[in-house]
Amino acid sequence: MDLRLPPSLHVFERGWLSSNNILFTGRHDTALVDSGYVTHAPQTLALVRQGLNGRPLGRLLNTHLHSDHCGGNALLQATYACHTAIPALDADKVAAWDEEALSYRATGQQCARFGFDAVLAPGDILELGDLSWRVLAAPGHDPHALLFFCESEGILISGDALWENGFGVIFPELAGEPGFAEVGATLALIASLAPRVVIPGHGPVFADVADAVARARARLDYLSADPVRNAQNAVKVLLKFLLLERRALALEGLPGLLSAIPLVERVRTGLLAMSQDELAGWAVAALVRARAARIAGGQLLDV
């Protein structure tokens with residue numbers, strides 16, 4: 001299994017509250033792809049400072065603008081005045097700082113306001129870490145998400161389009177917009193690229209790309225066969241995200257907490273047709289069964 005990366009490319013694997021960060025230290029330029037969640041921004045900054053070894057951060061780029069991928073943008077911009085590039089189709093939303101359109105309000109998540117200097121679009125060619133990277137569209141998890149592919153090294157920065165075991169929640173389907181077919185098309189694109197190694201948005205760098213794509217396709221088939229499964233998965237993921245952020249949640253407050261998240265409330269009253277108490281009970285049980293949480297002293301605790 002060949003996981004070799006160029007010496008100018010450094011991956012900070014962060015877990016699940018924050019996305020992975022990819023730092024490039026080229027001869028004449030430095031850049032970071034994705035900046036994690038806002039509550040982890042000081043940690044992101046510390047990692048970047050250590051990786052830069054006294055150099056300034058010249059550029060900041062985002063694969064997509066979900067809160068766990070761009071929450072550190074504001075602090076990095078304030079610290080380095082770095083040139084920032086974001087997906088082109090989200091530019092108007094960022095310029096107006098429309099938290100509803102950017103999904104932060106809908107998911108009940110935080111993101112400090114940031115600006116941008118340029119946009120990224122499919123077909124663009126980037127120079128990062130003394131290597132050439134092609135920008136590709138990766139709709140599905142996020143309709144405006146992007147991939148960065150270095151053909152000469154066979155390296156793909158996949159964001160949340162492909163992890164070693166799955167992909168990000170298919171949010172468009174929860175809003176009544178197409179998403180399943182787009183995920184399938186993105187997986188087909190990744191397979192056609194045949195990358196040697198993938199740097200995902202979450203989880204470890206991996207080289208068994210064909211197997212990962214096969215697992216992702218099986219997961220997509222499972223979710224698309226019954227859209228209720230996709231809705232349940234989203235609720236479980238959003239609750240786990242809250243738990244990662246806060247570490248502990250009072251059980252008695254969970255029905256109200258979940259109902260205050262617009263996206264959860266939409267699927268609760270629509271696809272799931274459950275009461276607030278029923279949904280909270282189901283979501284807690286699902287996390288405990290998955291060993292992603294435990295109950296103690298009237299609280300749901302992260303594990």
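Guide: Let's start at Arg-247, which sits in the loop between H9 and strand S12 (248–250); helices (H or I, at least four residues) and strands (E, at least two) are DSSP runs numbered from the N terminus. Its phi is near 75 degrees, a positive value in a residue other than glycine. This is a predicted model, where local features need pLDDT of at least 70 and side-chain atom pairs count only at pLDDT 80 or more, while totals for chains, interfaces and linings use all residues. Residues are numbered from 1 along each chain as its sequence is written, and side-chain values use heavy atoms, with hydrogens and water left out.

Now step back from that loop to the helices. Two packed helices are described by the angle between their axes and the distance between the axes. Helix H8 (residues 209–225) packs on helix H9 (residues 227–246) at an angle of about 110 degrees, and their axes are 4 Å apart. Here the axes are lines fitted to C-alpha atoms, for helices over the stretch in contact, and the angles between N-to-C directions run from 0 to 180 degrees. H8 and H9 are therefore roughly perpendicular to each other; that label covers 65 to 115 degrees, with under 35 counted as roughly parallel, over 145 as roughly antiparallel and the rest as oblique.

On the H8 side of this contact (heavy atoms within 4.5 Å) are Arg-219, Tyr-222, Leu-223, Ser-224 and Ala-225, and they meet Pro-227, Arg-229, Asn-230 and Asn-233 of H9. By class, these residues divide into 4 nonpolar, 3 polar and 2 charged. Ala, Val, Leu, Ile, Met, Phe, Trp, Tyr, Cys and Pro count as nonpolar, Asp, Glu, Lys and Arg as charged, and the others, Gly among them, as polar.

Let's stay with H8 for a moment. Its 17 residues reach 24 Å from the first C-alpha to the last, close to the 24 Å expected at 1.5 Å a residue; the expected span is 1.5 Å times one less than the number of residues. Val-209, Ala-212, Val-213, Ala-216, Leu-220 and Leu-223 are buried in H8. These residues cover an arc of only 95 degrees around the axis, which puts them on the same side of H8; the arc is taken over the directions from the helix axis to the C-beta atoms. An α-helix has 3.6 residues a turn, so residues three or four places apart point the same way. On the other side of H8, Ala-210, Asp-221 and Ala-225 are exposed. Buried means under 20% relative accessible area, exposed over 50%, and partly exposed in between (1.4 Å probe, protein chains only). The cover over the buried residues of H8 includes helix H7 (180–193), strand S11 (197–200) and H9.

H9 has another partner in helix H12 (residues 276–289), with an angle of about 75 degrees and axes 10 Å apart. H9 and H12 are therefore roughly perpendicular to each other as well. From H9, Gln-232, Val-235, Lys-236, Leu-239 and Lys-240 take part, meeting Leu-279, Trp-282, Ala-283, Val-284, Ala-286 and Leu-287 of H12. This contact has 8 nonpolar, 1 polar and 2 charged residues.
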